[in-house]
Amino acid sequence: MRILADFILAFPRFIIAVIIVLTIGAIFPALNVQTDFNLEGFFPEDSVTIEDYQRLAEDFGRDDNAIGIAFKAHSVFDDQTLLHINSIASRLEQIPNVENVLSIATASRLRSEDGMLISEPYVDFSRDSQYLKPSEQIELKNDPFVSDILINSSGTVTAIYLEVNEQVNQFVVRRQVIADLQSVLSDYQEFYDFNIAGIPFFRNIYVEMLNAEIFVFVSISSVLIIGILWLIFGNIRGILIPILIVWLTILFTVAIVVLTGGYFEIMSSTIAPILLCVGVADSIHLLTKYQDARATGMSSGPALRETIIILGSATLLTSVTTAIGFGTLATSSVVPMQRFGYYTAAGVIIAFLITIFLLPSILPYFKERRNPEIKPTKIHQLTGVLLKHSYEFVISQHKLIVIGTFILTVFFAWGATSLKVNGKIFDDVDDEHPVMIQSQFFSTNLAPQFPLEFVIDTHNPDGVFSPEFLNEVEEFESYLLTFPEIEKTTSLATLIRQINGALTGNSELPESREAIAQYMLLLELSGADGAERLVDFDYSTIRIATNIQDVGSYRVNQIRETIQIWLEDRFLEESVIITGTSILVGDITQKIVSSLTWSIGLAFVLISLLMGWLFKDIKLVLISILPNVIPLLIMAGTMGYLGIDLKPSTAVVFTIAFGIAVDDSIHFLARLRIELSRQSSMAQALSITTQRTGRAILLTSIILMIGFGILVTSEFTSTLLMGALVSQAIVTALLADILFLPAFLHWLNPKLGSRKGFKAEVKEESAPRLFDESVQ
């Protein structure tokens with residue numbers, strides 16, 4: 001650190017110039033950062049789950065590119081309503097990048113004419129009136145491809161679906177499609193209250209909410225942190241420098257995200273608020289130490305040099321441990337968790353580098369009064385009194401604190417056993433949000449919008465023409481409908497029955513292979529659409545489409561396992577793939593527990609190795625880990641008792657909390673290690689450490705709580721929970737370091753104080769202060 005300090009102080013203008021150049025270079029990519037929401041993006045490209053889903057998309061089309069518009073009317077069969085539906089559908093077809101529009105105005109029926117199969121619209125707009133006769137209304141409502149999809153059973157709710165071109169199904173394209181869609185609907189709002197739903201619509205609303213929240217969170221957090229910095233330092237310098245550093249950190253991190261092909265989604269969108277909170281802590285430690293050095297009468301240059309030498313190593317160590325905590329998420333099999341991990345880890349290291357280089361370089365440019373009489377600010381005085389009383393309480397009640405902490409931790413550890421892994425497709429938005437209310441309108445009045453898909457491969461061309469196979473398919477569909485969560489199924493068997501009914505009046509499945517093959521030929525000659533969504537080109541593979549409620553991955557996985565057991569005794573010669581958007585969500589959450597356990601375990605190992613290098617004593621390493629385990633167990637127990645499910649967005653809080661908690665422990669123990677070499681007793685060393693390093697820990701914890709506390713105002717439930725849970729962990733970690741750790745160390749005294757690894761073998765000059773965290 002001495003060499004680094006000499007370099008920084010020798011070339012401040014060069015360092016500032018380099019940072020200015022890098023800043024200019026980072027602005028353009030950062031301005032082009034994009035935000036998106038894509039369930040497929042949660043998986044590696046070689047994932048079996050993705051391969052199955054892609055096969056569904058390639059053979060039968062995607063299940064996530066349709067936007068639905070539903071509304072209620074006195075009777076959707078009224079001539080004026082039908083004209084409106086037809087007009088809306090016609091105008092929607094003209095929107096660029098819309099491939100297909102479905103409505104009851106364009107829905108077709110099959111009928112027999114001279115032995116041929118004819119496809120014609122149900123609604124006949126060539127009539128002067130009564131475009132849909134009563135008998136046709138009944139037929140329409142009984143059509144399995146129309147009922148509960150385009151119209152409800154009472155004929156009072158209808159839906160129009162448009163499909164976005166899957167080749168350009170991206171945020172910008174969807175935004176324009178949605179804007180054009182809403183423009184069309186605006187001309188009919190005096191007649192109907194429209195409800196819009198569908199995964200493409202939700203994805204864009206989600207992204208727009210996300211973009212707005214990132215800006216709001218960073219802005220509000222910055223304002224609140226500026227207020228806290230004013231209370232801490234009481235001058236402009238103490239505000240501008242930390243804020244400049246964290247804004248540069250965010251800028252460079254966002255630029256890295258863009259340059260590496262990344263984008264923001266629900267996890268990575270919280271990187272900016274996190275870096276805003278974590279990054280400012282380094283500045284506080286260095287500015288406070290510099291201010292203390294100046295208060296002793298040192299001139300600016302020597303004060304800066306001492307600050308870099310004394311705090312550089314400690315700040316580097318805490319930055320590395322925080323980066324390790326986040327970086328271990330890169331080992332996760334959930335891709336957004338990987339991105340969040342390595343981007344946040346990179347941001348933490350960037351914050352350290354900017355702080356250690358820029359702060360000493362720019363600080364001399366801020367004018368100071370000659371012979372300044374630096375007086376402690378009110379917040380310094382208040383924290384000093386608070387920490388003094390807390391230490392007195394620790395000494396007098398150390399056994400009660402330690403035993404009580406262990407009992408409390410065991411209580412919450414028991415609650416952690418109730419944690420359940422569960423996630424929903426629309427999990428991040430509150431049920432009262434308009435987008436969820438509109439989605440619920442579909443689920444209440446029509447079929448749910450969430451697909452559960454089955455692909456059955458006979459491995460033989462024309463294999464699906466087998467009557468025995470189609471009977472098995474029908475039996476399977478009947479079994480699927482025994483699950484209350486599954487409300488509708490359609491398949492090739494459904495279509496064959498419809499064709500048979502049109503040709504013979506008998507809606508049963510034909511008994512001969514030849515008849516089925518003939519029906520498919522007649523259907524092709526009729527020009528009817530839809531068969532390609534149910535069977536592949538060589539008639540070897542079929543799709544069974546079902547609509548399922550958004551019941552959560554826990555229940556979806558239960559249903560899937562039950563179905564797989566049922567399938568083991570059927571379709572013995574065929575292969576069955578279970579896929580769809582619901583399965584993507586189910587598989588994502590299944591990976592969470594193993595990924596989280598591995599990431600946290602790896603972080604513990606790596607940080608323990610660092611602690612071992614610092615203390616060179618296994619018992620002291622174990623002691624240092626305790627204050628970091630306690631916040632995690634209490635947070636897990638809180639989630640268990642409150643019924644908060646474990647999912648990607650809530651699982652990541654454990655890593656965030658661990659990365660933050662371990663910083664405080666390192667600062668406390670490193671300073672204690674120094675004081676044990678200076679003082680004659682453990683009590684004296686603990687007193688000085690608690691009142692000096694404790695102040696820095698307390699102040700940085702306040703800033704962290706403010707930064708993460710802002711997240712509780714989020715419209716995203718998962719972001720709200722992240723803010724609340726991490727804030728709780730910060731408070732718990734603070735109490736663990738200020739109360740539990742000193743009490744535990746005091747109880748272990750005098751044996752602990754005499755351990756070789758806990759005493760820094762240092763000289764009386766500057767070396768003993770290698771990890772000094774003095775703030776007064």
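**Burial, rings and strands**

Author: Tyr 343 counts as buried, because its relative accessibility is 5% and the limit for buried is under 20% (exposed is over 50%, partly exposed in between; 1.4 Å probe, protein chains only). The model is predicted, so local features need pLDDT of at least 70 and side-chain atom pairs 80 or more, whereas totals for chains, interfaces and linings use all residues. Residues are numbered from 1 along each chain as its sequence is written, and side-chain values use heavy atoms, without hydrogens or water.

Reader: How many aromatic pairs does a search of the whole structure find?

Author: A pair of rings is described by the distance of the centres and the angle of the planes. The search finds 23 aromatic pairs (Phe, Tyr or six-membered Trp rings with centres within 6.5 Å; stacked under 30 degrees, edge-to-face over 60, tilted otherwise). Among them, Tyr 342 and Tyr 343 are edge-to-face, at 4.9 Å between centres and 75° between planes. Tyr 342 is partly exposed, with 37% relative accessibility. Phe 406 and Phe 740 are also edge-to-face, at 5.6 Å and 85°.

Reader: Why does the pair of Phe 406 and Phe 740 tie together parts that are apart in sequence?

Author: Phe 406 belongs to helix α13 (residues 398-416) and Phe 740 to helix α23 (residues 717-748), so the contact joins parts 334 residues apart in sequence. Helices here are DSSP runs of H or I, at least four residues, and strands are runs of E, at least two, numbered from the N terminus. Phe 406 is partly exposed at 34%, whereas Phe 740 is buried at 2%.

Reader: Which residue lies over the face of Trp 566?

Author: Arg 570 does, 4.1 Å from the ring centre (the criterion is NZ of Lys or CZ of Arg within 6 Å of the centre and within 35 degrees of the ring normal). Trp 566 also belongs to a cluster linked by ring pairs, including Phe 454 and Phe 571.

Reader: How many residues of strand β7 are buried?

Author: In a regular strand, side chains alternate between the two faces of the sheet. Eight of the eight residues of β7 (residues 450-457) are buried; Phe 454 is on one covered side and Glu 453 on the other.

Reader: With which strand does β7 pair over eight bridges?

Author: With β9 (residues 541-548), in the antiparallel sense; pairing requires at least two DSSP bridges. There, Glu 453 stands opposite Ala 545. Five bridges join β7 to antiparallel β10 (residues 575-579), where Val 455 faces Ile 577.
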